[in-house]
Every structure is written in structure tokens, then in C-alpha cells.
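Okay, thanks for coming, everyone. Let me put the model up, and then I'll walk you through its charged pairs and the metal site.

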Amino acid sequence: MRILLIEDEDGIASFVTKGLTAEGHSVDRAAGAKDGADLAESRDYEVVLLDLVLPDGNGRDVLARIRAHTPEVPVIVVSALGEVDDKVTLLDLGADDYLTKPFAFAELSARVRANARQGKANARTLLVGDLSLDTKTRVAKRGERAADLPSKEFALLEHLMRHAGQVVTRQQLLDAVWGFDFDPGSNVVDVYIGYLRRKLDEPGRPSTIETVRGAGYRVPA
Ligand code: CA
């Protein structure tokens, strides 16, 4: 995953970057408050690690800027004991988690994973390939096509996108969207898949939702 590290101390920055890179993550480092906030606005990150005492400003102001611009990204404050005088205020400002220096790399790594998972679960917009679904407005978009989805179509597409890359059976979709009592012989799933395809498929391009013969449906990951 892509991680933003806002940290002015070179030793800590290099320790964290080396460890996270070795785990396969890609780390951008900013050594100051302004650079950090600018980077957070210019690229998409899955987790932000934020030091509080920075040479050109306060991490709290960076946090406020990040929250105003990208409310969903998990922010873990990584700070020396004593810099965090009021953890409650920090969490109120929108930090998701905090870690006190010095810390063991294994703990940082575990927190990064946990917060990234939570961030994905909370994300307002689901993204799979060129398909996006805004879970608040229920607008789905693929390429230039956008559609407001009524509740069943929305729930169907959301379920398929949350299981992107997996085959989901008709029965699983019936259970998830229509409830367990629905007649298993009903073709309601196929009918609604048809509605979604008509709204989102573009001529000459593969369908938004694949039919997996004898098994069910899949949104390709
Ligand atoms: Ca610092």
C-alpha cells in the first residue's frame, strides 16, 4: 500500500521507511508540515503517519488540513511521550490512532495494517478498476457513465464490489440484498444485474459485471 510518512527526524524516518518498504509498501516521506499536507492533498494514500512537532509547524494543523481534504484516510499520530498532552483532543481532531516513540517496528506495522483495513471498510467511495460507487449518494460511475441507483441495485453492486474478484452466487446475492426468505427459484438477481449493466456498461467494452456460468456473478478486481 502507499503510505505517507510526515517526520522530521531522519533516523526515525529511515527506520520506518526501511521496515515498511521491506514489507512491500511504498513510502513517501515529508520532513515538514507544509510538504506533508501538500503531499497528502496531491496523492492518494492508504495510511498517513504523522509526527506532531515539525520544524515549520504543528502536526495538529496538518491533521486539520488532511481531514478537510481527505476525511477517509486513516491518520496515525506517531509522537514522543509528552508531545501528546491530550490524546482525547487529538482523537477529536480526527486522528485514528496514536503510537508513542520509541516504538517497536512490529507494533507500527500492525497498526498500519489495522488502520488500513478500517479505512477501507469506512471508505465512502468504493473503487474497483474504473468503477466507483459513492455509498452516500448511491451514484455509480464507470468511465463517462454515471447512474443514480435505487436501493436494491445499489445494494447488489455494493456487495459485488466489496467482493471484487470473487464469484458471488445468486443465492448469496439474494441473501445479502433481498433477505433469506426470498424464493431461491426467483430470477430477480438476473433481472437486477441486467438493470445495472444497462446503466453502466459501455459499448465495445467488457461488461461491468461478469457472468460466471453455473456459478454466479463477479465484478473483476
Ligand atoms: Ca518531530
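**Salt bridges and the calcium site**

So, the count comes to 21 salt bridges, taking a salt bridge as a side-chain nitrogen of Lys or Arg within 4 Å of a carboxyl oxygen of Asp or Glu. Quick caveats: this is a predicted model, where local features need pLDDT of at least 70, side-chain atom pairs count only at pLDDT 80 or more, and totals for chains, interfaces and linings use all residues. Residues are numbered from 1 along each chain as its sequence is written, and side-chain values use heavy atoms, with hydrogens and water left out.

Let's look at D130. Its side chain meets R142 in a salt bridge at 3.4 Å, N to O. R142 sits in strand β10 and D130 in the loop between β8 and β9, so the pair ties together parts 12 residues apart in sequence (strands are DSSP E runs of at least two residues, helices H or I runs of at least four, numbered from the N terminus). R142 is buried, at 6% relative accessibility, while D130 is partly exposed at 37%; buried means under 20% relative accessible area, exposed over 50%, partly exposed in between, with a 1.4 Å probe and protein chains only.

D130 also forms a salt bridge with R205, closest N and O atoms 2.4 Å apart. Shared partners join D130, R142, D201, E202 and R205 into one network.

And what coordinates the calcium ion? That's D8 (OD), D51 (OD) and V53 (O), at 2.1 to 2.4 Å. Donors here are N, O and S atoms within 2.8 Å of the metal, or 3.2 Å for Na, K and Ca; water isn't among the atoms, so sites may look incomplete.
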